[in-house]
Amino acid sequence: MTSFNLGLAQIKTRLGDVRANLDKHLAYIDDAARQGVDVLVFPELSLTGYVLQDLVPTVAHKPTTDDPVFAELLAASRARNIDLVVGFVDEDARSRFFIAAAYISRGEVVHVHHKVYLPTYTMFHDGRFFAWGDSVRAFDTRFGRFGVLICEDFWHVSAPYLLWLDGADVMLFSNASPGRGLSDEPRPDTARWVEHVLQAYASLFTAFVAHTNKAGYEDGFNFWGGSAVFDPDGLMLAQAPYFDEALTVTRLDLNQLHRTRYSLPLLRDERHALVAREITRITAGAAGARDKGQ
Amino acid sequence: MSDPLNINTDLARRLLVGFLHEEITRVGITRAVIGLSGGIDSALSCFLAAEALGPENVLAVRMPYRTSAPESMADAQKVIDQLGVQHLTVEITDMAEPLLKRFPEMSNVRRGNIMARTRMIVLYDQSSAFGGLVVGTSNKTEIMLGYSTLFGDSACALNPIGDLYKTQVRQLSRALGVPASILDKAPSADLWPGQTDEKEMGLTYEGVDRLLYLLVDQRYKPEECIEAGFDAGFVQMVVERIRRNHFKRIMPPIAKVSRRTVGYDFLYLRDWGT
């Protein structure tokens, strides 16, 4: 497969109403399938809404065939021959709750990512309500090797770096980013920052980077949309409008990977054994970085 | 470097109109009620609400007291005419007077509070009668300084302009076409003749907004503000005002005795389920 159609489903959600959000997912899946989309990416917590607080335990679902919500999504992916990234609250067997994204293909859950970085500062309270994920893994799809990250995960360079080393050529970022920082610029300060890092990752990892953000409001928070796709040269291929709901479709030409990487062999020359040695040394040393996770 | 208080008015308009539209309609309501004083804050809220919901779905209520400045009524009328919003005038003199007369020694502040709370009663009654949410008109400067009457002018269902400093309210109002006479006059609560905000608080909005921006948005310590050139006494006065008035910015604390208590560990957004 040398190319495929990527769809970014920049939706608004109903807070805590999984049924209503599922219906919207199914409608977007139908619309995207009609437009020939092969992979459709929804925002962070797309089945639940973002600022859940004490709603967390009431909206959790398991990404399995016997879960009623996932049963419908799995069936839709099979019937429409479309791969999906959906955001949900995952409850594990021991009742720990995770902000999660599932990659679904042909009626199966191929991969589940748990958000590894939970912002717990200023307006964010993820760490109060959720357990942090403890792995960052690339996975194989019918369109190549992908990676999925959620929001704060990609504010840390280590997460996309690990995906890159693990073989991801297409990075799919799902997000619920509230706009903040009104200045004389035409977009919120947050949008400026996110667009910079997306472009930087695409350029430095010579990979495709796609970002689906939420739209709409939750109380006073605005979610700025602006979902975007960058190619391995760091060029923006497409961008959804700011703030409004939208389905944005882009064709990814995977041959761009070998064209870019021949002339800019950053992956070939990356010395991850050196990185691993130095991280081991730094972590062991007295002056080493604090590691919050296990 | 550009002035940090300058805002992109197209973006601000988009954000605030979207906020009003979505946060009102998602609870199944299509209308709004606004107390229109003739000042810039309520004029701006009214412009935003008219754009968000359509002027036919906005009720502007003028609530003069017998000592209110006649220009206030005239300026409010300009907003009504320009936007084509629905409007109503409810004189509050007959409502407030019996209580004011009962305590003839009453200070200006007490009198002003009674007027502000009387207006709140009228607005919430119209909220029910008209079927619209009360849209707030407090800006960030007065919220931070506590220059408002608790359960009076600060009472509302939602507030589009509470994160804009007064100088930013002016920028956005100018961009939206708020009448010039409203843009140009000295801000006043108009609770007694000759009152102006700046005279009463002993500051200028230009100056205090710059200080608040450093203290609040940029998290400067007071001594860093003094190093940045602000007068030490002014900084101290503003810091103290912010602290002393914090009670106006939060819900009343509830004495916690149970395992789960509203305000501490019963946590949901207003938008729960919508």
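A salt bridge is taken here as a side-chain nitrogen of Lys or Arg within 4 Å of a carboxyl oxygen of Asp or Glu. The structure is a predicted model, in which local features need pLDDT of at least 70 and side-chain atom pairs count only at pLDDT 80 or more, while totals for chains, interfaces and linings use all residues. Residues are numbered from 1 along each chain as its sequence is written, chains are lettered from A and ligands numbered from 1 in the order in which they are written, and side-chain values use heavy atoms, with hydrogens and water left out.

**Salt bridges**

Over all chains, the count comes to 37 salt bridges.

| Pair | Closest N to O distance |
|---|---|
| Lys166(B) and Asp41(B) | 2.9 Å |
| Glu240(B) and Arg243(B) | 2.7 Å |

Secondary-structure elements are DSSP runs numbered from the N terminus, helices being H or I of at least four residues and strands E of at least two. Burial follows relative accessible area: buried is under 20%, exposed is over 50%, and partly exposed lies in between (1.4 Å probe, protein chains only).

In chain B, Lys166(B) forms a salt bridge with Asp41(B). Here the partners are 125 residues apart and link distant parts of the chain, with Lys166(B) in helix α7 (residues 166-176) and Asp41(B) in helix α2 (residues 40-53). Lys166(B) counts as buried because its relative accessibility is 2%, and Asp41(B) is buried at 10%.

Glu240(B) and Arg243(B) both lie in helix α12 (residues 232-244) of chain B, 3 residues apart, or about one turn of the helix. Glu240(B) is partly exposed, with a relative accessible area of 31%, whereas Arg243(B) is exposed, at 54%.

A network of salt bridges links Lys12(A) with Glu22(B), Glu23(B), Arg26(B), Arg270(B) and Asp271(B).

Chain B has an open sheet of 4 strands in the order β3-β2-β1-β4, with parallel pairing; two strands pair if DSSP finds at least two bridges between them. Its edge strands are β3 (86-89) and β4 (132-134), each of which pairs on one side only. Strand β1 (residues 31-35) and β4(B) pair in the parallel sense over 3 bridges, and Arg31(B) stands opposite Gly132(B) in β4(B).

Helix α5 (residues 108-130) of chain B lies across β1, β2 (58-62), β3 and β4 of chain B and runs at about 160° to β1(B). Axes are lines fitted to C-alpha atoms, for helices over the stretch in contact, with angles from 0 to 180 degrees between N-to-C directions. Gln126(B), in helix α5, is buried, with a relative accessible area of 15%. Not counting residues up to four places away in sequence, Gln126(B) touches Val33(B), Leu59(B), Val61(B), Leu88(B) and Gly131(B), contact meaning heavy atoms within 4.5 Å.

**Helix packing in chain A**

Helix α1 (residues 18-34) and helix α3 (residues 68-80) of chain A pack at an angle of about 5°, with their axes 11 Å apart. The two helices, α1(A) and α3(A), are therefore roughly parallel to each other, angles under 35 degrees counting as such. Among the residues that meet are Leu22(A), Leu26(A) and Ile29(A) in α1(A), and Val69(A), Leu73(A) and Ala76(A) in α3(A).

Definitions and conventions. Parallel < 35°, antiparallel > 145°, perpendicular 65-115°, else oblique.
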